[in-house]
Amino acid sequence: SDPDQLQDFCVADLNATTTFLNGFPCKPVSQVSSSDFFFVGFHKEGDTNNIFGVGVTAGNVLSFPGLNTLGLSMNRVDFSPGGVNPLHSHPRATEAGIIIMGKVLVGFISTSNVYYSKVLDEGNMFVIPKGLVHFQKNVGPGKAIILTSFNSQLPGAVVLPTTLFASNPEIPNDVLATNFQADETVINSIKSKFGSA
Ligand code: GLV
Ligand code: MN
């Protein structure tokens, strides 16, 4: 749900150090070429060798500057068996996705605290309303792949486990202990799993 563009395109000059209004300045049209409108990045598997077993390849304005001002972007998300794209929300976009390979549990929680979820097979589509906390888990026997799309060039991701337990500087342990009604040793134990932010 980015604002509408005011011209055909505005390929981002990511290195500009001059004026920034909301997004990135355009590079001069004389320097724009076909390659600005094609992103070669979703052909390879993302690295799932991490504690979550997930690899997100982002095709957003930062990796694909041609998206600047156009109000959309996509991700490729790879899952190892049992892998989870951790609980997160996108402050600037609704998300739609399709299962490309495997069997995936997709869930989100509304602001009324209702959990909506379904196990999806290849070819099925889902939607995550803007800003709501959601996750995907690979529940099939092998790897899984989903493609996601966003109505923002840069949807942003607030990833709950790392936001809460691996921020820099840290959220004080007593604050987290009260929030989660857990002993500070439990908080420390969780923090230790994520290393220092
Ligand atoms: C999946 O939830 C994604 O944000 O790509
Ligand atoms: Mn998401």
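**Exercise 1.** What is the order of the 5 strands in the open sheet, and is their pairing parallel or antiparallel?

*Solution.* The model is predicted, so local features need pLDDT of at least 70 and side-chain atom pairs count only at pLDDT 80 or more, whereas totals for chains, interfaces and linings use all residues. Residues are numbered from 1 along each chain as its sequence is written, while chains are lettered from A and ligands numbered from 1 in the order in which they are written. Strands are DSSP runs (E, at least two residues) numbered from the N terminus, and two of them pair if DSSP finds at least two bridges between them. On that basis the order reads E1-E2-E9-E4-E7, with antiparallel pairing. Strand E1 (54-59) and strand E7 (125-128) stand at the edges with a single partner strand each, so one side of each is left without a neighbour in the sheet. From one strand to the next, the twist averages 20° (axes are lines fitted to C-alpha atoms, and angles run from 0 to 180 degrees between N-to-C directions).

**Exercise 2.** Determine how many bridges join strand E4 to E7.

*Solution.* Strand E4 (residues 95-101) and E7 run antiparallel and are joined by 4 bridges; Gly-97 has Phe-126 in E7 as its bridge partner.

**Exercise 3.** Describe the residues around ligand 1.

*Solution.* Counting a residue when its C-beta atom, placed from the backbone, lies within 6 Å of the molecule, one finds Val-56, Asn-75, Val-77, Asn-85, Glu-95, His-134, Gln-136 and Thr-148. Strand E2 (73-79) and strand E8 (133-138) are the elements that give two or more residues to this shell.
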